[in-house]
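I have a structure open and a notebook beside it. Here is what I looked up, entry by entry.

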Amino acid sequence: MKKVLNYLKSNPIVVMLVAVSLIVGLTTKNFFSWGTLSSLISNTTIRFIIALGVSGCLITKGTDLSAGRQVGLAACLSGILVQAADYSGRLYPKLPEMNMFVILIVVILVGILIGFVNGFIIAKFKIPPFITTLGTQTIIYGLCLILTDAQPIGGFQKIYTSLITGRIGSVKGFHLPYLFFVAIFFGLLFWFIYNKTRHGKYMYAIGGNEIAAEVSGVNTDKSIILIYVTAGIMYAIAGWLLAAKSGGASAGMGQGYELEAIAGCTIGGVSTTGGIGTVPGVLIGVLVFELLKIVLQFLGVNPYYNYIVQGLVIVVAVGLDIRKHIKKK
Amino acid sequence: MSEYVLEMRDVYKAFPGVVALNKVQLKLKPGKVHALMGENGAGKSTLMKCMFGIYTMDEGEILIDGVKTEIHNPSDALKKGIAMVHQELQPIPARTIAENIYLGRYPTKKIGPITIVDHKKMYEDAAKVLKEVNMNFDPRTKVGDLSVSQMQSVEIAKAVSANCRVLILDEPTSSLTQHEVDALFKIVEDLKSKGVAIVYISHKMDEILRISDEVTIMRDGQYIGTWNANELTTDMIISKMVGRELTNLYPPTDNVPGEVVFEVENFTSINPKSFRNVSFNLRKGEILGVAGLVGAQRTELMEGLFGIRSKISGTVKYKGKELKIDRPKNAIDNGIAMLTEDRRGTGIMGVLSVADNISVASLNQYLDFGIMLNDKKIENLVKVNQEKMNIRTPSSKTPIASLSGGNQQKVLVGRWLANNPDVLILDEPTRGIDVGAKYEIYCIIADLAKEGKSIIMISSELGELIGMSDRIMVMCDGRVTGFIDGKDATQENIMELATKFES
């Protein structure tokens, strides 16, 4: 019992989250329903995957402003390739119809390439990650516009959209979207990488003191490149899922997702001064955000106010977390 | 009026898992230098941080002029006349001396309704204060252009300008030359005559006995006592600090150097002002001391060998095989380890745990199935080192930054020994470490040599080099100027080689 209390005391964000959802659940109809849970899971999964990608950059004192645009590019690319052969508005009519998993591999390869470019510039030319990714995100947006000719893309293969929106269980009663398992899979995978592999330990070491890590025999350049490549892979997967979930894609997709992901990580305790951050923390941070959006929707708040509330939550949540560290002194 | 300007009574402070201060007393008289002594981890810094308002104490009281008071934060401490010159200086390099001195309390003037900074007054005042600390510098000089000792003078000037009544000097001489130390002591004498009470923290016995009037000794967070400095001798201080008699300064070294294993030939830096044409060899089980003045490029040479810095020519051979070293990883893979000089800058990863810090260079050894790290094996590494080197830490998960300097150093030694290296380069292994921990580190070095490991030890303490080395290599201005057998080495013949500049 004492342990539970201590945990809650040191994690005010979790308390806030539970309290708010309880209040909303008790005062509005239909909040506690499988439908709400299902949409929460679907929204969270994609954001969680992006946030996992960014988390490695943040832990090594970097950042990745190109995350959102990379998601957008992957979504556009998936959209273009997955358009059904009998759809009249195909953007590139000469392309053969492709299997969606082949498309996934294609977008992942593109993600690896972009991640490598980011990581290589940051590691080898020592250009600050903020500047590097500010540059590449603009380039990527340009690519998206060229690729799509600024046209919205639709007419996807049915199997693509249905697989992503698919679920186990019955629609009315208990059910879980497939995305739930995707989130669990990546959560466990990243937890394993961060805690149980050399690469994970090296990542924290670089965040803690990059020179000391290099002196201790860590090939810091290689580690940093690998971190940005991993991030690129995650954005690609997120983009592929996002296009399917939305049933369409456009060049503007994914805009601002990088900031949401960074905010989610920071709320979840990832320190921008490096060396600190956990996978469960990232999940909680992202959940806070997505739950908040749903709660506001249920309360019937004018969507324009959402931004104000979200901004406040970022500052308050991080403030509470930092107070915890200051107090320890 | 109390005879003390400041008193700390029965101070108690605990951190999770450690009692840092237990009923500690400190009584400062105006116009006296009060030395505060103790091993690393004894609680000196914690006590000072309580006085300066960086930490809040759990129990105890602070009295200023006999009146009970509370100090909430450093700016409150400054208002109450307490100033501190930290061991690690934190100036703002891109701003001028005057701006650094008056930071946070710039003199202002009014133009109509607007208050602006009075730059003229600030630079005039700063010039006066600089004169008081015997520093002939234009207050418009950027602090980043100053040497470490000059920055320190600026810090002291800052304290003087605040009209402080209590000045804390935390290891002020650790990076100063003898000449600079003399200059510092002159400033201290001046401040004394103005009635300022000075708290002086240092590990250097000769300094303490030379400058202090009273000495308070602490051990493991306990208050041991306060004495008049003229009642004490070096031996007495050491035994009170360590809690036992220290008979030997250095352990007996019964290692027997064997065949040559490590050869460096014609090693030259890419930077023409750094090391050049360096050749030497190292035997199995030998301790090779490296002596030289500040600027002799000893650290640069060793960092070059280890792949941290670039060379333009030269070869390194281990057991006859030429090594290609472009980055530290290559050196480590060839059985070389290097404990760097700047513990905070290039050694520890502050926010990470003791376990993470000690295991980072040897993670390959703790893998299951070639990929998964086994936490039990890492825990075991921590435990073995903790017992072997007497590392004091609340747990293996404690962030290393919260350990004392000596304990951090032992963790770093443990990091390198985990790889079981054949050649160990130790750059100032005992810098900033107290007497007890120093002896422990000497013992570790002696044991390693006896096991047949080859050791290169850079040190600026000649006593330590003479006491530990089989052979001493002396450098001056980037060149090797000679080798002296350990048995024949004296301070004089080392200094002669260390000052052999090219004409």
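**Domains of chain B.** I began with how chain B is divided: domain 1 (6-242), domain 2 (248-335 + 422-503) and domain 3 (350-420). Those bounds come from an automatic or database domain assignment. I then looked up how far apart two of them sit, and the centres of domain 1 of chain B and domain 3 of chain B, taken over C-alpha atoms, are separated by 34 Å.

**What I am looking at.** This is a predicted model, where local features need pLDDT of at least 70, side-chain atom pairs count only at pLDDT 80 or more, and totals for chains, interfaces and linings use all residues. Residues are numbered from 1 along each chain as its sequence is written, while chains are lettered from A and ligands numbered from 1 in the order in which they are written. I checked pLDDT, the predictor's confidence in each residue, from 0 to 100. For chain B its mean is 88, and 97% of the residues reach 70 or more. For the complex, I noted an ipTM of 0.84 and a pTM of 0.78 from the predictor.

**Where the chains touch.** Contact here has two residues with their C-beta atoms, placed from the backbone, within 7 Å. Helices (H or I, at least four residues) and strands (E, at least two) are DSSP runs, numbered from the N terminus.

**Helix α13 of chain B.**

Which residues of α13(B) are buried? I listed B:I378, B:L381, B:V382, B:N385 and B:M389. Buried means 20 or more other C-beta atoms within 10 Å of the residue's own, exposed means 12 or fewer, and partly exposed is in between, with C-beta atoms placed from the backbone. Looking down the axis of α13(B), I see its buried residues within an arc of 95°, so they line one face of the helix. That arc is the one made by the directions from the helix axis to the C-beta atoms. An α-helix has 3.6 residues a turn, so residues three or four places apart point the same way.

On the face of α13(B) turned away from the buried side I found the exposed residues B:K376, B:N380, B:K383 and B:E387. The cover over the buried residues of α13(B) includes α12 (354-359), β20 (372-373), α14 (405-417) and α15 (435-450) of chain B. After α13(B) comes B:N390, with a positive phi near 60°.

**Positive phi in strands.** Most residues other than glycine have a negative phi. I noted B:D10 in strand β1 (residues 6-15) of chain B, with phi near 45°. B:D10 counts as partly exposed, with 14 C-beta neighbours inside 10 Å. I also noted B:N266 in strand β13 (residues 260-269) of chain B, with phi near 55°. Is B:N266 buried or exposed? B:N266 is exposed, because 12 other C-beta atoms lie within 10 Å.

**B:F267.** This residue is also in β13 of chain B, and B:F267 counts as buried, with 21 C-beta neighbours inside 10 Å. Leaving out residues up to four places away in sequence, I found B:F267 touching B:F275, B:V278, B:L301, B:G304, B:K311 and B:G314.

**A:F190.** I found A:F190 in helix α8 (residues 178-196) of chain A. With 23 C-beta neighbours inside 10 Å, A:F190 is buried. Apart from neighbours within four places in sequence, A:F190 is in contact with A:L52 and A:V279.

**A:L299.** My last entry is A:L299, in the loop between α13 (279-298) and α14 (303-328) of chain A.
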